Amino acid sequence: METAEILKKVRKIEIKARGLSVNVFAGQYHSAFKGRGMAFSEVREYQYGDDVRDIDWNVTARFHRPYVKVFEEERELTVMLLIDVSGSLDFGTQSQMKRDMVTEIAATIAFSAIQNNDKIGVVFFSDHIEKYIPPKKGRKHILYIIREMLDFHPESKRTNIEGALQFLTSVVKHRCTAFVLSDFYDQKDFLHPLQICNRKHDVVAVQVYDRFAKSLPDVGLMRVVDAETGYEQYIDTSSKRLRRAHEQYWNRMQQHLRETMNKSNVDMVSISTGDDFVKHLLLLFKKRS
């Protein structure tokens, strides 16, 4: 992709993502993703109804009347985006490819985060860690991340979610909020590393899929290629039995994915490339508020 074209796309995504983060997600994001805890702010005189456990006995003794400590939320967060860059994301039969939607969602989350003065970091992963961008603040940093998402060329087309989760657990030392953006096409079970990762961090899963992954169209003979392995075959989509088997397979995979998230206490949202991702993210944020 030419530099001018990349910059044009970056600007387009920035305008949309910033608008959403300021006008739609600002309050929801703040309440959905909490800070690291409570920090001491000041002392004031005791008022009826205050918790006696908050009394500052040193100040109380000095002024001969009760004073309490006032605490406020430590708002600053570190937000990590774990972005799947495997071959299966380069697919889409609706208005955009899965990779395009992942980029827009990631940009919206990033701009929402900097509105709250949070740091943003990124892990690009396939079946290994393709690139790690350490957390930083600021618009310039986010624009760099968006450019990378638009023009990044992974070494591998396969997927290993377990490896990405293990990397996050070992590299990011302090608790963070981590968004895993993927279609979750991974034959390997990642329940255990997800549970470990979510005990240390606050993990949120964002699944992006295409509707044809859920139900095949009746268009006769179709050539299909596995984007990650290169395996190619022809299928007869006019067969009701084939279409029914395909949908049953999708439902089993989704059920297994939901069970994995539930067992790990991880919130998940599933978004089709034909959907408006805004309403899905809003529902996710409200659920966590």
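Buried means under 20% relative accessible area, exposed over 50% and partly exposed in between, using a 1.4 Å probe and protein chains only. F184 is buried by this cut-off, at 7% relative accessible area. The model is predicted: local features need pLDDT of at least 70, and side-chain atom pairs count only at pLDDT 80 or more, while totals for chains, interfaces and linings use all residues. Residues are numbered from 1 along each chain as its sequence is written, and side-chain values use heavy atoms, with hydrogens and water left out.

**View 1. Confidence along the chain.** pLDDT is the predictor's confidence in each residue, from 0 to 100. The chain has a mean pLDDT of 86. In it, 89% of residues reach 70 or more. Helices (H or I, at least four residues) and strands (E, at least two) are DSSP runs, numbered from the N terminus. Helix α6 (residues 161-171) has the highest confidence, at 97. Helix α2 (residues 26-32) has the lowest, at a mean of 64.

**View 2. F184 and S182 at the end of β6.** F184 sits in the loop between β6 (177-182) and α7 (191-200). Its phi is positive, about 60 degrees, although F184 is not a glycine. Most residues other than glycine have a negative phi. S182 belongs to strand β6 and is buried, with a relative accessible area of 0%. A polar atom of the S182 side chain lies 2.8 Å from the backbone nitrogen of F184. A polar contact is a pair of N or O atoms within 3.5 Å; within protein, one must be able to donate a hydrogen and the other to accept it, and residues adjacent in sequence count only if both atoms are side-chain atoms. Contact in general means heavy atoms within 4.5 Å. Leaving aside neighbours within four places in sequence, S182 is in contact with D84, I161, V206, Q207 and V208.

View 3. H64 lies in the loop between α3 (57-63) and β2 (67-74). This residue is not a glycine, yet its phi is positive, at about 65 degrees. Is H64 buried or exposed? H64 counts as exposed because its relative accessibility is 72%.

**View 4. The nonpolar cores.** A nonpolar core is a set of buried Ala, Val, Leu, Ile, Met, Phe, Trp, Tyr and Cys residues joined through side-chain atoms within 4.5 Å. The largest has 42 residues. L81, I83, I105, I146 and L181 have the most contacts inside it. Helix α4 (residues 98-115) gives the most to this core, with nine residues. Beyond its neighbours within four places in sequence, L81 is in contact with A106, I109, I120, G121, V122, V123, F179 and L181.

View 5. A disulfide is a pair of cysteine sulfur atoms within 2.5 Å. The structure holds zero disulfides. For C176, the nearest cysteine sulfur is that of C197, 7.1 Å away. C176 counts as buried, at 2% relative accessibility. C197 is also buried, at 0%.

View 6. Two strands pair if DSSP finds at least two bridges between them. Strands β8 (residues 221-225) and β9 (residues 232-236) run antiparallel and are joined by five bridges. M222 has I235 of β9 as its bridge partner. Six residues lie between the two strands of this hairpin. In the turn, G230 has a positive phi of about 85 degrees.
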